[in-house]
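This report walks through one protein model. It starts with charged pairs, then turns to fold, rings and loops.

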Amino acid sequence: MHASSNCTMYDHNQLEIPDAFAALYLSPGGHRATATRAVVTARYEFCEDLANHLGEYARTQQHQFDLSEAEVLLRCHAGLAGGAAGVNLGEAGWVIHRLAEIEGWACPELPPPA
């Protein structure tokens, strides 16, 4: 694995994993990976797909309920953090930041993982 500008690239499939996502799978000191490359890649692909699919839902919620972008993102985060979506708390935060980036919205401060 080698680093490129702001992304980690796994040579076996050339998939670029953003450093912010890869960091979710580092030990507290940041010196050891807590999951294999295959696991991190699979989780990244799942979370990236989830963020992309949430875009239409988020826009619908915003218009249907006359919510601010921040309110929509916080509600989406609360839903993801509940565990039923199949993501852990760190991944939930990453998905919401990615969703905000995709939509061009400012991401509000999210509740920290417990």
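A salt bridge is a side-chain nitrogen of Lys or Arg within 4 Å of a carboxyl oxygen of Asp or Glu. Arg59 and Glu103 meet this rule through their side chains, at 2.6 Å from N to O. The pair links distant parts of the chain: Arg59 sits in helix α2, Glu103 in helix α4, 44 residues apart. Helices here are DSSP runs of H or I with at least four residues, strands are runs of E with at least two, and both are numbered from the N terminus. Arg59 is partly exposed at 35% relative accessible area. Glu103 is buried at 18%. Buried means under 20% relative accessible area, exposed means over 50%, and partly exposed lies in between (1.4 Å probe, protein chains only).

The structure holds 4 salt bridges. One of them joins the side chains of Arg43 and Glu91, at 2.7 Å from N to O. Arg43 belongs to helix α2 and Glu91 to helix α4 (residues 89–103), so this pair ties together parts 48 residues apart in sequence. Arg43 is partly exposed, with a relative accessible area of 22%. Glu91 is buried, at 1%.

## A salt-bridge network

Arg98 forms a salt bridge with Glu101, and their closest N and O atoms are 2.7 Å apart. Both residues lie in helix α4. They are 3 residues apart, about one turn of the helix. Glu101 counts as exposed, at 55% relative accessibility. Which residues make up the network of salt bridges? Glu48, Arg98 and Glu101 are linked in it.

## Model and overall fold

This is a predicted model, in which local features need pLDDT of at least 70 and side-chain atom pairs count only at pLDDT 80 or more, while totals for chains, interfaces and linings use all residues. Residues are numbered from 1 along each chain as its sequence is written, and side-chain values use heavy atoms, with hydrogens and water left out.

The protein chain has 4 helices and 3 strands. Along the sequence they follow the pattern β-β-β-α-α-α-α. The chain has 114 residues, and buried residues make up 36% of them. Contact means heavy atoms within 4.5 Å. Of the contacts with a separation of 6 or more, 54% are between residues 24 or more positions apart. The accessible surface comes to about 6,800 Å². Carbon and sulfur atoms account for 54% of that surface. The areas come from the Shrake-Rupley method with a 1.4 Å probe; for residues, only the protein chains shown count as cover.

## Aromatic cluster

Rings of Phe, Tyr and Trp (its six-membered ring) pair if their centres lie within 6.5 Å; planes under 30 degrees apart count as stacked, over 60 as edge-to-face, and the rest as tilted. A search of the whole structure finds 4 aromatic pairs. Among them, Phe21 and Tyr25 have ring centres 5.8 Å apart and planes at 45 degrees, so the pair is tilted. Both Phe21 and Tyr25 are buried.

Phe21 also pairs with Trp94. Their ring centres are 5.0 Å apart and the planes stand at 75 degrees, so this pair is edge-to-face. Phe21 lies in helix α1 and Trp94 in helix α4, so the pair ties together parts 73 residues apart in sequence. Phe21 is buried at 0% relative accessibility. Trp94 is buried too, at 10%. Ring pairs link Phe21, Tyr25, Tyr44 and Trp94 into a cluster.

## Two loops

Ser27 lies in the loop between α1 (19–22) and α2 (37–64). Is Ser27 buried or exposed? Ser27 is buried, at 18% relative accessible area. Its side chain reaches the backbone nitrogen of His31 at 3.5 Å. Ser27 also touches Arg32 and Thr34, not counting residues up to four places away in sequence.

Asp66 lies in the loop between α2 and α3 (69–81). Asp66 has a positive phi of about 55 degrees although it is not a glycine. Most residues other than glycine have a negative phi. Asp66 counts as exposed, at 70% relative accessibility.

## Cysteines

A disulfide is a pair of cysteine sulfur atoms within 2.5 Å. The search of the whole structure finds 0 disulfides. Cys47 is buried, with a relative accessible area of 0%. Cys107 counts as partly exposed, at 27% relative accessibility.

Conventions. A polar contact is a pair of N or O atoms within 3.5 Å; within protein, one must be able to donate a hydrogen and the other to accept it, and residues adjacent in sequence count only if both atoms are side-chain atoms.
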